[in-house]
Amino acid sequence: MLSKWPLVLPVCYLSAIILWITGSTGIYITNLNEACYNCLCYVSTKCDLSHDCTGGYCGPFNISRVYWVDAGMVVFPADDPERNHAWKDCARDYNCAKSIIEGYLIKFGRDCNGDGITNCFDYMMVNGNGGYGCTGNLNRSANGRRWLQRYTECRL
Ligand SMILES: *[C@@H]1O[C@H](CO)[C@@H](O)[C@H](O)[C@H]1NC(C)=O
Ligand SMILES: *[C@@H]1O[C@H](CO)[C@@H](O)[C@H](O)[C@H]1NC(C)=O
């Protein structure tokens with residue numbers, strides 16, 4: 001039995017190093033990969049990269065100011081969250097918006113549908129239902145049904 005340890009320990013160190021390299025995302029947000037970002041984007045606006053703001057929802061992920069605040073007020077590196085339109089400028093940029101989504105899902109991401117794994121479907125539910133009560137079936141509303149439909153399209 002003891003002879004196993006020299007093998008087990010390096011594997012542990014290796015995983016720790018991999019987690020360290022991939023940053024906080026790798027630790028807290030499993031399954032939030034590029035394909036999932038693309039899908040969350042598709043579900044929101046069909047990933048319309050030119051989407052500006054409509055009714056207070058901005059960018060390809062259709063992010064609201066409230067969502068942005070809950071996500072931790074992510075803005076461009078040199079920008080100031082207190083600046084009036086800083087949140088919109090970030091939300092309208094695909095990569096900056098991804099950081100907003102990440103912040104929100106670090107805070108609220110969980111197994112919303114209770115199937116035992118936390119994956120992109122759950123993140124879609126978090127965004128669709130809001131982080132404070134993500135468990136409701138999305139098919140209860142027209143908006144939610146549209147999201148479910150689009151989700152099946154982007155997860156082919
Ligand atoms: C953004 O979200 C709002 C609120 O759910 C919705 O009314 C609007 O249609 C969405 N915008 C786009 C471009 O999908
Ligand atoms: C929503 O889905 C659940 C389970 O998948 C089903 O039992 C329910 O009837 C559906 N509700 C609507 C409004 O489609």
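**The aromatic cluster and its setting**

Modeller: Ring pairs link Tyr67, Tyr104, Phe108 and Tyr132 into a cluster; rings of Phe, Tyr and Trp (its six-membered ring) pair if their centres lie within 6.5 Å, and planes under 30 degrees apart count as stacked, over 60 as edge-to-face and the rest as tilted. This is a predicted model, in which local features need pLDDT of at least 70 and side-chain atom pairs count only at pLDDT 80 or more, while totals for chains, interfaces and linings use all residues. Residues are numbered from 1 along each chain as its sequence is written, chains are lettered from A and ligands numbered from 1 in the order in which they are written, and side-chain values use heavy atoms, with hydrogens and water left out.

A search of the whole structure finds 6 aromatic pairs. One of them, Tyr104 with Phe108, is tilted, at 4.6 Å centre to centre and 45° between the planes. Tyr104 and Phe108 are separated by about one helical turn because they stand 4 residues apart in helix α6 (residues 94-108); helices (H or I, at least four residues) and strands (E, at least two) are DSSP runs, numbered from the N terminus. Both Tyr104 and Phe108 are buried, where buried means under 20% relative accessible area, exposed over 50% and partly exposed in between (1.4 Å probe, protein chains only).

A further pair, Phe121 with Tyr151, is edge-to-face, with 5.2 Å centre to centre and 80° between the planes. This pair links distant parts of the chain, with Phe121 in helix α7 and Tyr151 in helix α8 (residues 142-154), 30 residues apart. Phe121 has a relative accessible area of 24% and is therefore partly exposed, whereas Tyr151, at 10%, is buried.

Asn127 also belongs to helix α7 (residues 120-129). Its relative accessibility is 16%, so Asn127 counts as buried. The side chain of Asn127 is joined to that of Tyr67 by a polar contact of 2.7 Å; a polar contact is a pair of N or O atoms within 3.5 Å, and within protein one must be able to donate a hydrogen and the other to accept it, while residues adjacent in sequence count only if both atoms are side-chain atoms. Leaving aside neighbours within four places in sequence, Asn127 is in contact (heavy atoms within 4.5 Å) with Leu40, Tyr67, Ile101, Tyr104, Leu105 and Trp147. Tyr67 and Tyr104 are both members of the ring cluster.

As for the whole, the protein chain has 8 helices and 3 strands, in the order α-α-α-β-β-β-α-α-α-α-α from the N terminus. Of its 156 residues, 37% are buried. Among contacts with a separation of 6 or more, 50% involve residues 24 or more positions apart.

Ligand 1 has around it Ser44, Thr45, His51, Tyr57, Asn62 and Asn143, each with a heavy atom within 4 Å. An oxygen atom of ligand 1 lies 2.3 Å from a polar side-chain atom of Asn62, and for Asn143 the corresponding side-chain distance to an oxygen atom of ligand 1 is 3.3 Å. Taken alone, ligand 1 exposes 350 Å², of which the protein buries 59%; accessible areas come from the Shrake-Rupley method with a 1.4 Å probe, and for residues only the protein chains shown count as cover.
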